[in-house]
Amino acid sequence: MNQVPLPAGTTLGKSFEYGVDVNLGTYDNPVWQAVRRMFGYQPTETPTTQDAQTYDDLGAPNSDVTGWGWGLAFNVQVNRSLATGLYLPEVEYLLERTRPDAVAELAVADVRWYHKPAVGTPNPNDAGRGLATVAKTRQNTGPEGAIEVLAFTLTGKGGYTPIANPFTGWGVTAPLVAGVSPEGALDGDLVTITGSGLLGATSVTIDDVPVEFLNISTTTLVAQMPAGEAGLAEVVVTTPGGVSAPFTFTRGA
């Protein structure tokens, strides 16, 4: 029992309460995919120092921090598709950056990491995003049929950016767009987008053009049509839970 009592409303943190996502989209329009079946998460932050020693230090070391390096290491239990033989998309994303032809920008991964507690509110200050190079090793190579595990080491390119913690709780799923009305909407018209998981939307695009929108409920939002040509158009909604699959509808000009 603790001799010094802890404040009421606190809980012990757990080693598994962290998440890592990879960006399957572009840097400006990210599509974040969580790294599933991850364990052994180990972040590192290393100072870069410069000697600032003077006579006044009387021989004692004195270094100034001029910057910070960072890195992430974690293991993943890998799943393969029975139909294609491919790993999960997030694993394929990381593996692509370790191929022989992955040089310069092709070797760089865009990742984010964050506190993901089992209970309670996530730490708003414990989240970051950065660009990194990727190295991997294969674990569990024995003949006894152990679960296949890949170990990834990400080494930061430059510093990372502190971000708002994106974790919104367990059970939050990516939004689903099921309908857009009216069909044939013209430039500047308001359209109603229906589906599920739409509450808290952070962006709506129509044919990759960000549009103005108003969140009505978890099943409905209203958006304004951008300028464009008549024909088929794709709607994509982004929320803290993820990015919807594109929904195609017919628009006017």
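Aspartate 187 and arginine 251 form a salt bridge, with their closest N and O atoms 2.3 Å apart. Aspartate 187 sits in the loop between β9 and β10 while arginine 251 belongs to strand β17 (residues 247-251), so the pair ties together parts that are 64 residues apart in sequence. Aspartate 187 is partly exposed, at 35% relative accessible area, whereas arginine 251 is buried, at 4%. Please keep in mind that this is a predicted model.

Eight salt bridges are found in the structure. Another one joins aspartate 21 to arginine 112. This pair links distant parts of the chain, with aspartate 21 in strand β1 (residues 18-23) and arginine 112 in strand β5 (residues 108-115), 91 residues apart. Glutamate 90 and arginine 36 also meet in a salt bridge. Here glutamate 90 is in helix α1 (residues 89-96) and arginine 36 in the loop between β2 (32-34) and β3 (38-51), 54 residues apart. Arg80, Arg138 and Glu148 are linked in a network of salt bridges.

Here is a look at the accessibility of these partners:

| Residue | Relative accessible area | Class |
|---|---|---|
| Aspartate 21 | 2% | buried |
| Arginine 112 | 13% | buried |
| Glutamate 90 | 0% | buried |
| Arginine 36 | 35% | partly exposed |

Now to a sheet. Four strands form an open sheet in the order β9-β10-β14-β13, with antiparallel pairing. β9 (176-181) and β13 (213-215) stand at the edges with a single partner strand each, so one side of each has no neighbour in the sheet. From one strand to the next, the twist averages 25°. Five bridges join β9 to the antiparallel strand β10 (residues 190-196), and glycine 179 has threonine 194 in β10 as its bridge partner.

Terms used
Residues are numbered from 1 along each chain as its sequence is written. This is a predicted model: local features need pLDDT of at least 70, side-chain atom pairs count only at pLDDT 80 or more; totals for chains, interfaces and linings use all residues. Side-chain values use heavy atoms; hydrogens and water are left out. Two strands pair if DSSP finds at least two bridges between them. Helices (H or I, at least four residues) and strands (E, at least two) are DSSP runs, numbered from the N terminus. Axes are lines fitted to C-alpha atoms, for helices over the stretch in contact, and angles run from 0 to 180 degrees between N-to-C directions. A salt bridge is a side-chain nitrogen of Lys or Arg within 4 Å of a carboxyl oxygen of Asp or Glu. Buried means under 20% relative accessible area, exposed over 50%, partly exposed in between (1.4 Å probe, protein chains only).
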